[in-house]
Amino acid sequence: MIPISSRQIKKKTYYVLFSQGGQYKGCYTTVQASSLDKAKMAVIERYGLMNYGGVEINEQRAKALIKAFGLQNVEETFV
């Protein structure tokens, strides 16, 4: 059995689309997390519940939504 300390959890990239009525409207960001629930919690802790719109797992769908709505990356916008 492998000790817990040497195990590596594979982190995935999740795309976060912000709500249209929030502070970050028209923006998106990416989050590295091991599960969808952890990604949602990280976004809520970092940006607040009122700004949370949704988390997209599928990279192709996320990029299509970003292009369709003309969303900008929040790190590039607010740096």
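"So, how many aromatic pairs does the count come to? Three. Keep in mind that this is a predicted model.

Let me start with Phe-18 and Tyr-24. Their ring centres are 5.2 Å apart, with the planes at 40°, so we call that pair tilted. That angle falls between the cut-offs, since stacked needs planes under 30 degrees apart and edge-to-face needs over 60. Phe-18 comes out at 5% relative accessibility, so it counts as buried. Tyr-24 has 14%, and buried means under 20%, so Tyr-24 is buried too.

Now Phe-18 again, this time with Tyr-47. Here the centres sit 5.0 Å apart and the planes are at 75°, so this pair is edge-to-face. And look at where the two residues are: Phe-18 belongs to strand β1, residues 12-18, while Tyr-47 belongs to helix α1, residues 36-47, so the pair ties together parts that are 29 residues apart in sequence.

Okay, on to the strands. What does β1 pair with? That's β2, in the antiparallel sense, over six bridges. If you want a spot to look at, Tyr-15 has Thr-30 in β2 as its bridge partner.

β2 itself covers residues 27-33 and is mostly covered, with five of its seven residues buried. β2 also pairs with strand β4, residues 72-73, this time in the parallel sense and over two bridges. There, Tyr-28 has Asn-73 in β4 as its bridge partner.

Methods: Residues numbered from 1 in each chain as written. Predicted model: local features only at pLDDT ≥ 70, side-chain atom pairs only at ≥ 80, totals over all residues. Heavy atoms only, no water. Phe/Tyr/Trp six-rings, centres within 6.5 Å; stacked < 30°, edge-to-face > 60°. Buried < 20%, exposed > 50% of the residue type's maximum accessible area, 1.4 Å probe, protein only. Helix = DSSP H or I, 4+ residues; strand = E, 2+ residues; numbered from the N terminus. Pairing = 2+ DSSP bridges.
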